[in-house]
Amino acid sequence: MILGRHQQTTARPSLIVTGPAAAGKTTALLNVGRTCHLAHTRRNPPPPGSAHAAVPVAYVLVPPGATAKTLITEFARYLGIPVAARMTQTQITEAVCHTYTQAGVQLVMIDEIHRLNPRTTTGAQTADLLKDLSERLPATFVYAGINVTDTPLFTGTRGAQLAGRAALVDCGPLPARHGFREPFRDVITDIETALDLQQHKPGTLPRHTQYLHQRTAGRIGSLTRLIRQAAITAISDGTERITKQSLDAVQLDHLAETHHRPRRSR
């Protein structure tokens, strides 16, 4: 159920997914979007022969050094809304609000929100744009960013408005064990189920849970990159399977590699 979709005069309750780099924030965001899209499609299948299906989910990446106009242009680009160079920010915003409402967008996901700095004039205008959109669009907004509580996003008047409307989800590294559960192993199993490798034997990756947890320090972002790269290699070399040896051959991000293979002091 999308939060607050029946509210009419104020911004809907929103959600902020935060945490350190490579903790799986974007992965979580995309999985939520996929779940929402599939659920909407099941409830509202497009009529036979329909050329225009509803678009329940939108995903927008905050560009580096974003201004209000460049950000609203990213909103337009997602749904293929034509934007001419001579169009003003207001004109683009009107087109976005109209098209998103007509398309039935219910969930707006905004990634890399930590790139905004409301303390600057440009950042303040961009933050005001997001506030305006959240009040005009009948959709729930979900933001994701690196350690947003330590950034200017939560300070000052604009930060207080965001903090007062958004629930915070702290996305940290997954433990190998949590009570009687093994959350990291469960994630590995789900990822393996989605693989489409002809010669890969189910259960191979979960057997290497301890190695994978050590290799990635429990970071979901590092885990997905590791398995994705190993799968690409398996397709390229024709083996069509992932082994511990092929996983070990993948060079991961510096953060994960530093954790897995720490430098020895001389």
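**Contacts, cores and a helix crossing**

Guide: In this chain, residues 24 or more positions apart account for 71% of the contacts with a separation of 6 or more. A contact means heavy atoms within 4.5 Å. This is a predicted model, in which local features need pLDDT of at least 70 and side-chain atom pairs pLDDT 80 or more, while totals for chains, interfaces and linings use all residues. Numbering runs from 1 along each chain as its sequence is written, and side-chain values use heavy atoms, without hydrogens and water.

Visitor: Why is Pro 64 called exposed?

Guide: Exposed means over 50% relative accessible area, buried under 20%, and partly exposed in between (1.4 Å probe, protein chains only). Pro 64 has 66%, so Pro 64 is exposed. Its place is the loop between β2 and α2. Pro 64 and Leu 116 are 52 residues apart in sequence, yet 8.5 Å apart in space, C-alpha to C-alpha.

Visitor: What makes α6 roughly perpendicular to α8?

Guide: The axes of α6 (residues 183-193) and α8 (residues 209-216) come within 10 Å and cross at roughly 100 degrees. Axes are lines fitted to C-alpha atoms, for helices over the stretch in contact, with angles from 0 to 180 degrees between N-to-C directions. Under 35 degrees is roughly parallel, over 145 roughly antiparallel, 65 to 115 roughly perpendicular, the rest oblique. So α6 is roughly perpendicular to α8. Phe 184, Arg 185 and Ile 188 of α6 meet Thr 209, Leu 212, His 213 and Thr 216 of α8.

Visitor: Which residues have the most contacts inside the largest nonpolar core?

Guide: Phe 75, Tyr 100, Ile 110 and Ile 113, in a core of 33 residues. Such a core is a set of buried Ala, Val, Leu, Ile, Met, Phe, Trp, Tyr and Cys residues joined through side-chain atoms within 4.5 Å. β2, α2, α3, β3, α4 and β4 each supply at least two of its residues. A second, separate core has 18 residues, including Ile 191 and Leu 247.

Visitor: What does Tyr 100 touch?

Guide: Among others, Ala 58, Phe 75, Ile 81 and Leu 137, leaving out residues up to four places away in sequence.

Visitor: Where is confidence lowest, and where highest?

Guide: The score is pLDDT, the predictor's confidence in each residue, from 0 to 100. Helix α11 (residues 254-260) is lowest, at a mean of 57, and α2 highest, at 97. Over residues 1-9 the pLDDT is below 50, and this stretch has 11 contacts beyond near neighbours in sequence. The chain mean is 86, with 89% of residues at 70 or more.

Notes
Helix = DSSP H or I, 4+ residues; strand = E, 2+ residues; numbered from the N terminus.
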